[in-house]
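Good morning, and thank you for coming. Please keep the display in view as I speak.

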Amino acid sequence: MSKFPSPIEIEAKIRLLIDLKNLDEKRIAIEIDMNNSTLKVGIAGFGIIGKLRSKCINHTKNMTVVSACDKVMPKSSELDKKIKFYSDYETMIKSESLDVLFVCMTNDIAPKATCYALENGLHVFCEKPPGKN
């Protein structure tokens with residue numbers, strides 16, 4: 001028996017799956033009140049892609065990265081002082097009042113992190129496949 005949810009289970013849980021490069025303010029306006037509201041974003045996986053996503057998000061109106069997590073602590077020069085850093089996504093999601101989670105983790109971990117975030121009421125952006133088969 002696989003330790004990962006089946007593709008059918010994941011598909012049932014995923015409410016919002018959008019690739020960042022297709023994200024624009026018109027699509028976000030559907031989800032938030034545009035009266036100066038800002039979506040608080042967490043990034044799960046702060047490697048090369050996570051850092052790139054962080055820069056892109058912080059240049060997007062109505063979104064700001066407030067936390068990130070990775071099993072490897074980034075160098076202080078790579079970490080924005082405004083971002084709170086965690087060693088795992090579960091602690092980050094429990095500790096922060098996030099609106100959105102960007103999953104920038106490897107394919108073997110991404111489905112579990114995606115499902116956990118959805119179960120905790122977050123919108124999720126993930127480019128990974130929802131299952132192995």
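The model is a predicted one. The two strands concerned, β4 and β5, pair in the parallel sense, with 4 bridges between them. They also belong to a β-α-β unit: β4, then helix α5, residues 110-119, then β5, and the unit is right-handed.

Now to the sheet as a whole. In what order do the 5 strands lie? The order is β3-β2-β1-β4-β5, in an open sheet with parallel pairing. At the edges are β3, residues 84-86, and β5, residues 123-126, each of which pairs on one side only. On average, and with direction ignored, neighbouring strands of this sheet are turned by 25° against each other.

Helix α3, residues 48-58, packs on this sheet and touches β1, β2 and β4. The direction of α3 makes about 160° with that of β2.

Let me turn to the pairing of β1 and β2. Strand β1, residues 39-44, pairs with β2 in the parallel sense over 6 bridges. Within that pairing, V41 has V65 of β2 as its bridge partner.

Finally, I would draw your attention to S67, which is found in β2, residues 63-69. Is S67 buried or exposed? S67 counts as buried, because its relative accessibility is 0%. Beyond its neighbours within four places in sequence, S67 is in contact with V41, G42, I43, I83, K84, Y86, M92, E96 and L98.

Thank you; I am glad to take questions.

Key:
Residues are numbered from 1 along each chain as its sequence is written. This is a predicted model: local features need pLDDT of at least 70, side-chain atom pairs count only at pLDDT 80 or more; totals for chains, interfaces and linings use all residues. Side-chain values use heavy atoms; hydrogens and water are left out. Buried means under 20% relative accessible area, exposed over 50%, partly exposed in between (1.4 Å probe, protein chains only). Contact means heavy atoms within 4.5 Å. Two strands pair if DSSP finds at least two bridges between them. Axes are lines fitted to C-alpha atoms, for helices over the stretch in contact, and angles run from 0 to 180 degrees between N-to-C directions. A crossover is right-handed if, with the strands pointing away from the viewer, the path from the first strand over the helix to the second runs clockwise.
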